[in-house]
Every structure is written in structure tokens, then in C-alpha cells.
Amino acid sequence: AAGWSAKAGGDEPSLSPLERAGNWARTTKGVLGKNLMAALAAGGAEGAVPFCNERALPLTDSMATALNVRIRRVSDRPRNPGNRATGDAAGYLARQVEQTTWTPELISSGSHHTAFIPITTNGMCLQCHGSVGDQILPGTASLIQAHYPTDEATGYAENQLRGAWVVEFDAE
């Protein structure tokens, strides 16, 4: 989003809590994206499914530890049922879903902040999150079904809201 600092780490004291959370989400997205692109290059979308199933959560957890925040991805249409948006995250997605541009939000309660940073689709995402039989090839669809039998994360088009980063951290 416009105005966010590109400085690494996101912990610059001059940044607002929402700006810092946006930086942490972008840093984590960058690590996941780099590894996902390597999986795609090595094995196409069929190579990406096992990567996401086995490595996405541990990479996100490692980034959270390195950044000293709690960070996770949620969706109202999750692939992994453990990533279903609930509570404030579900409310955030419900407010954003009909928008054409998506706005990050921050909830602060005393000594704690929770930020919601939108996750949107691009062309690369559609190889696994687009329409089955159109963007998602049959072999990839079979792998998704095998790894995620309750998958709800298909049928997206480019530039749609697919979920949110939830970044939780202590207030200064």
C-alpha cells in the first residue's frame, strides 16, 4: 500500500504500528514467494502443492520468530482448514470482500496490536487458486484434492482478495 516504508524489518521507530506490520507481512510474503517460485521452477504447479503443504507454515513460523511477532495467513475460503478466518479476521475480510481496493486495518487494545494486511491474487496464484480445468491443470487439481480434501481456495480471478496476513505484536 502507498506510503509504507520499504525498510527491512519494519521496526523503524518513526513508522506507525500498521506500517511496521505491513513491512513484516511483505517481508514474510517475500520469503514465501521466493521459495514458492523455486518450487514452481523445479516442478511447476504440481511441485508447488507439496511445497505449500509441507513448507509454507514452517517458513511463516520462522519469519515470525525472526521478526519477534506472531504472523499467519487466513482466508474466508481456506485451502487448509486451520487457516480459516475467525473473529476479528473474519470481520475484516467480510468488510473488505466487496471492495475493489483493500485497506489494511489495525486493532489496538492496550499493550497489543493486531494488523490485517490484504492478500490478493496475481497470475501466478491462479495456477493453484484459479478455476479447475482452466488455470488449474488436472494433475495439480488431483494433488490439491489429495493434500487438502476440504479445499475451498479455488475459483479466484486475478486481483481478487484471497485472504489476509494477521500480524500480532506488542505495543511499544
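## Close-up views of a predicted protein chain

**Figure 1. The whole chain and its surface.** The protein chain has an accessible surface of about 9,000 Å², and 52% of this belongs to carbon and sulfur atoms; such areas come from the Shrake-Rupley method with a 1.4 Å probe, and for residues only the protein chains shown count as cover. This is a predicted model, in which local features need pLDDT of at least 70, side-chain atom pairs count only at pLDDT 80 or more, and totals for chains, interfaces and linings use all residues. Residues are numbered from 1 along each chain as its sequence is written, and side-chain values use heavy atoms, with hydrogens and water left out. Along the principal axes, the C-alpha atoms fill a box of roughly 50 × 30 × 25 Å. The radius of gyration of the protein chain is 16 Å, which agrees with the value near 16 Å for a compact globule of 172 residues; it is taken over C-alpha atoms, and the globule rule is 2.2 Å times the number of residues to the power 0.38.

Figure 2. Let's follow the chain along its sequence. The protein chain has four helices and four strands, in the pattern α-β-α-β-β-α-α-β. Helices (H or I, at least four residues) and strands (E, at least two) are DSSP runs, numbered from the N terminus. Of the 172 residues, 39% are buried; buried means under 20% relative accessible area, exposed over 50%, and partly exposed in between (1.4 Å probe, protein chains only). Among contacts (heavy atoms within 4.5 Å) between residues at least 6 apart in sequence, 68% join residues at least 24 apart. The side chains include 14 positive and 17 negative ones, and the centres of the two sets lie 2 Å apart. Here Lys and Arg count as positive and Asp and Glu as negative, while His and the chain ends are not counted; the place of a charge is NZ of Lys, CZ of Arg, CG of Asp or CD of Glu.

**Figure 3. Two asparagines with positive phi.** Asn68 is not a glycine, yet its phi is positive, at about 65 degrees. Look for Asn68 in the loop between α1 (17-67) and β1 (70-74). Is Asn68 buried or exposed? With a relative accessible area of 70%, Asn68 is exposed. Asn159 also has a positive value in a residue other than glycine, with phi near 60 degrees. Asn159 sits in the loop between α4 (138-147) and β4 (161-170). Its relative accessible area is 49%, so Asn159 is partly exposed.

**Figure 4. Two cysteines without a bond.** A disulfide is a covalent bond between the sulfur atoms of two cysteines. The search counts a pair of cysteine sulfur atoms within 2.5 Å as a disulfide, and in the whole structure it finds zero. Cys52 is in no disulfide, and the nearest cysteine sulfur, that of Cys128, is 6.5 Å away. Cys52 is partly exposed at 33% relative accessibility, whereas Cys128 is buried at 11%.

Figure 5. Thr60 is buried, with a relative accessible area of 3%. Which residues does Thr60 contact, leaving aside neighbours within four places in sequence? They are Thr28, Leu32, Ile71, Arg72 and Trp165. Met63 is buried too, with a relative accessible area of 14%. Apart from residues up to four places away in sequence, Met63 touches Thr27, Thr28 and Val31. Met63 and Ala25 are 38 residues apart along the chain, and 9.5 Å separates their C-alpha atoms.

**Figure 6. His129 in helix α3.** Helix α3 (residues 126-129) holds His129, a buried residue at 12% relative accessibility. The C-alpha atoms of His129 and Gly155 are 6.3 Å apart in space, and the two residues are 26 apart in sequence. Leaving aside neighbours within four places in sequence, the contacts of His129 include Arg79, Ile136, Tyr156 and Arg162.

**Figure 7. Thr140 in helix α4.** Thr140 belongs to helix α4 and is buried, with a relative accessible area of 2%. Not counting residues up to four places away in sequence, Thr140 touches Ala45, Glu46, Val49, Gln127 and Cys128.
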